[in-house]
Amino acid sequence: MALPQISESEWTIMEQLWETSPQTALELTRALEPSTQWAKNTVRTMLTRLVGKGALKIGKNSAGTRTFRPAVSREACVKAEGDSFMQRIFRGAAKPLL
């Protein structure tokens with residue numbers, strides 16, 4: 001299974017969810033707002049994109065509110081990003097990097 005391409009902003013959402021999940025959109029907005037200044041609609045847009053990419057799964061909490069949790073591990077995404085970087089910049093060769 002191919003891992004989703006995650007943008008820099010989406011990484012912020014994913015990092016928060018890898019740290020603590022599941023979370024609602026409101027919980028994420030409150031957690032991220034001090035460092036990002038993102039509005040609730042911005043967070044919701046990124047959550048929708050991440051669900052569409054297969055990076056997040058949707059559930060419901062005890063109150064019936066939609067929650068989000070990672071569908072992919074942080075380790076797998078970090079490895080995929082590293083591999084992508086190596087391929088883009090060094091055409092897959094590690095020697096020039098070293």
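## Largest pocket

Helix α3 contributes the most to the lining of the largest pocket, with four residues. The model is predicted: local features need pLDDT of at least 70, side-chain atom pairs count only at pLDDT 80 or more, and totals for chains, interfaces and linings use all residues. Residues are numbered from 1 along each chain as its sequence is written, and side-chain values use heavy atoms, without hydrogens and water.

α3 (40-53) and β2 (66-70) each supply at least two lining residues. Helices (H or I, at least four residues) and strands (E, at least two) are DSSP runs, numbered from the N terminus. The lining comprises Thr-24, Ala-25, Arg-44, Leu-47, Thr-48, Val-51, Ile-58, Thr-65, Arg-66 and Phe-68. A pocket here is an open set of points on a 1 Å grid over the protein atoms alone, where a 1.4 Å probe fits, with protein on both sides within 12 Å along at least five of seven lines; lining residues have an atom within 4 Å of a point.

## Helix packing

α1 (residues 8-19) packs on α3 at about 85°, with the axes 10 Å apart. The two helices are therefore roughly perpendicular (65 to 115 degrees). From α1, Ser-9, Glu-10, Ile-13, Met-14 and Leu-17 meet Val-43, Met-46, Leu-47, Arg-49, Leu-50 and Lys-53 of α3. Contact means heavy atoms within 4.5 Å.

## Loop backbone

The peptide bond from Ser-21 to Pro-22 is cis, with omega near 0°. Pro-22 sits in the loop between α1 and α2 (25-36).

Gln-37 lies in the loop between α2 and α3. Its phi is near 65°, a positive value in a residue other than glycine. Gln-37 counts as exposed (over 50%) because its relative accessibility is 57%.

How values were computed
Axes fitted to C-alpha atoms, helices over the stretch in contact; angles between N-to-C directions. Parallel < 35°, antiparallel > 145°, perpendicular 65-115°, else oblique. Buried < 20%, exposed > 50% of the residue type's maximum accessible area, 1.4 Å probe, protein only.
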